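Good morning, everyone, and thank you for making time for this. I would like to walk through one structure, going from sheets to helices and then to a few local details.

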Amino acid sequence: MYELIIIGGGPAGMTAAVYAARKRMNALLITKEFGGQPMWTMDIENYMGYQFVTGPELMEKFDEQVRKFPIEIKYEEVIKLAANDDGTFSVTGDGGEYRAQTVIVASGKRPRRLAVPGEAELTGRGVSYCATCDGPLYAGKTVAVIGGGNSALQAAIEISPIAEKVYLISIAGYNADPIVIEKLKELKRPVVEFMGYTTTAIKGSQAVEKLVLVSNDTQEQTELEVQGIFVEIGLEPNTEYCEGVVDFNKYREINTDCRTRTKLPGLFAAGDVTNGPDKQIVIAAGDGAKAALVAYEFLLHRRQNA
């Protein structure tokens with residue numbers, strides 16, 4: 001029986017682990033891998049203490065700090081979270097089942113899929129969800145970035161110096177920060193914009209060959225010859241294993257109060273997996289610290305009232 005189980009190895013989970021260790025809590029961290037979403041990000045300019053740092057570099061620093069403490073870590077995918085009748089929790093991973101008095105859910109988000117013909121079949125063969133990871137593979141080639149938010153524009157900015165041509169496709173206009181839009185407009189090799197277009201299919205035999213678009217205004221179909229497609233249309237929370245245990249909002253994010261508490265005593269959630277309005281690394285880290293401190297306080301009060 002652990003005092004605390006932390007689910008997730010991104011900024012929220014790793015920060016929670018450090019704070020739990022400093023409180024001498026008997027804690028277990030369960031994660032498929034360290035890093036989370038920042039591992040897909042090349043340019044970070046708004047994390048305090050670093051004027052500029054890449055996502056992988058920042059997460060390496062997080063990882064180093066976690067490993068300075070005697071935190072038990074299991075590299076597994078969590079498939080079920082259950083609340084027990086005695087007020088404890090059971091967490092089932094693909095390698096075993098674990099019990100704890102408290103749990104922090106910090107499993108973050110994953111890229112949203114387009115759900116169009118050809119996407120699944122060509123994923124890894126031209127379809128990518130990480131420009132930072134796969135961008136260098138498309139040097140001198142023609143690629144498309146799908147999306148109109150910060151992540152899509154950042155992907156186009158990163159790939160523009162590498163690729164021969166970059167198409168930027170969005171259902172509507174831009175939904176990005178002004179500073180990111182400015183950077184896009186200042187590119188030496190400008191992107192080709194298709195605003196107001198919906199992606200309907202991806203074609204290719206062994207690898208991506210064409211991207212099929214339809215104009216939202218005229219319904220006219222366009223086929224772009226591309227070798228790579230970067231899907232940047234948002235993220236979905238990793239909350240399937242919490243079904244029936246927590247309350248979700250309409251985006252399937254976990255509803256929490258300002259102290260990271262869910263509807264169940266002893267169950268907390270932190271970072272992008274929650275209904276917090278802003279998804280930022282610094283906020284996720286703050287959530288993780290808060291959740292660990294509140295979990296410690298919860299256990300303290302439970303012991304005092306036992």
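Let me begin with an open sheet of five strands, whose order is β8-β15-β9-β10-β11 and whose pairing is parallel. Strands β8, at 127–128, and β11, at 192–195, stand at the edges with a single partner strand each, so one side of each has no neighbour in the sheet. Please keep in mind throughout that this is a predicted model.

For those new to sheets, strands of a sheet pair through backbone hydrogen bonds, and the pairing is either parallel or antiparallel. Inside this sheet, strand β9, residues 142–146, and strand β15, residues 228–231, are paired in the parallel sense over four bridges, and if you look for Val 143, you will find it opposite Gly 228 in β15. Helix α5 packs on this sheet, where it touches β9, β10 (165–170) and β15, and the direction of α5 makes about 165° with that of β9.

That brings us to the helices. Two packed helices are described by the angle between their axes and by the distance between the axes. On the α5 side the contact is made by Asn 150, Leu 153, Gln 154, Ala 156 and Ile 157, while α6 brings Val 180, Ile 181, Lys 183 and Leu 184. Sorted by class, the contact of α5 with α6 has six nonpolar, two polar and one charged residues.

Now please turn to another pair, helix α1 (residues 11–22) and helix α2 (residues 55–66), which pack at an angle of about 25° with their axes 9 Å apart, and therefore α1 is roughly parallel to α2. Here α1 passes α2 in a left-handed crossing. The residues in contact are Pro 11, Met 14, Thr 15 and Val 18 from α1, together with Met 59, Phe 62, Asp 63, Gln 65 and Val 66 from α2. The classes in this contact of α1 with α2 are six nonpolar, two polar and one charged residues.

Let me return to strands, with an open sheet of three in the order β12-β13-β14, where the pairing is antiparallel. Its edges are β12 (197–203) and β14 (221–225), each with a single partner strand, so one side of each is left without a neighbour in the sheet. From one strand to the next the twist averages 25°. Strand β12 pairs with strand β13, residues 210–215, in the antiparallel sense over six bridges, and Thr 199 stands opposite Leu 213 in β13.

There is also a hairpin to look at. Strands β4 (residues 78–83) and β5 (residues 89–93) run antiparallel and are joined by five bridges, with Ala 82 having Ser 90 in β5 as its bridge partner. Five residues lie between the strands of this hairpin, and in it Gly 87 takes a positive phi near 90°.

Finally, how many disulfides does a search of the whole structure find? The search finds one, and this disulfide joins Cys 130 to Cys 133, with an S to S distance of 2.1 Å. The torsion about the S-S bond of Cys 130 and Cys 133 is about 70°, so the disulfide is right-handed.

Conventions:
Residues are numbered from 1 along each chain as its sequence is written. This is a predicted model: local features need pLDDT of at least 70, side-chain atom pairs count only at pLDDT 80 or more; totals for chains, interfaces and linings use all residues. Side-chain values use heavy atoms; hydrogens and water are left out. Axes are lines fitted to C-alpha atoms, for helices over the stretch in contact, and angles run from 0 to 180 degrees between N-to-C directions. Helices (H or I, at least four residues) and strands (E, at least two) are DSSP runs, numbered from the N terminus. Angles under 35 degrees count as roughly parallel, over 145 as roughly antiparallel, 65 to 115 as roughly perpendicular and the rest as oblique. A crossing is left-handed if the near helix is turned anticlockwise from the far one by less than a right angle, and right-handed if clockwise. Contact means heavy atoms within 4.5 Å. Ala, Val, Leu, Ile, Met, Phe, Trp, Tyr, Cys and Pro count as nonpolar, Asp, Glu, Lys and Arg as charged, and the others, Gly among them, as polar. Two strands pair if DSSP finds at least two bridges between them. A disulfide is a pair of cysteine sulfur atoms within 2.5 Å.
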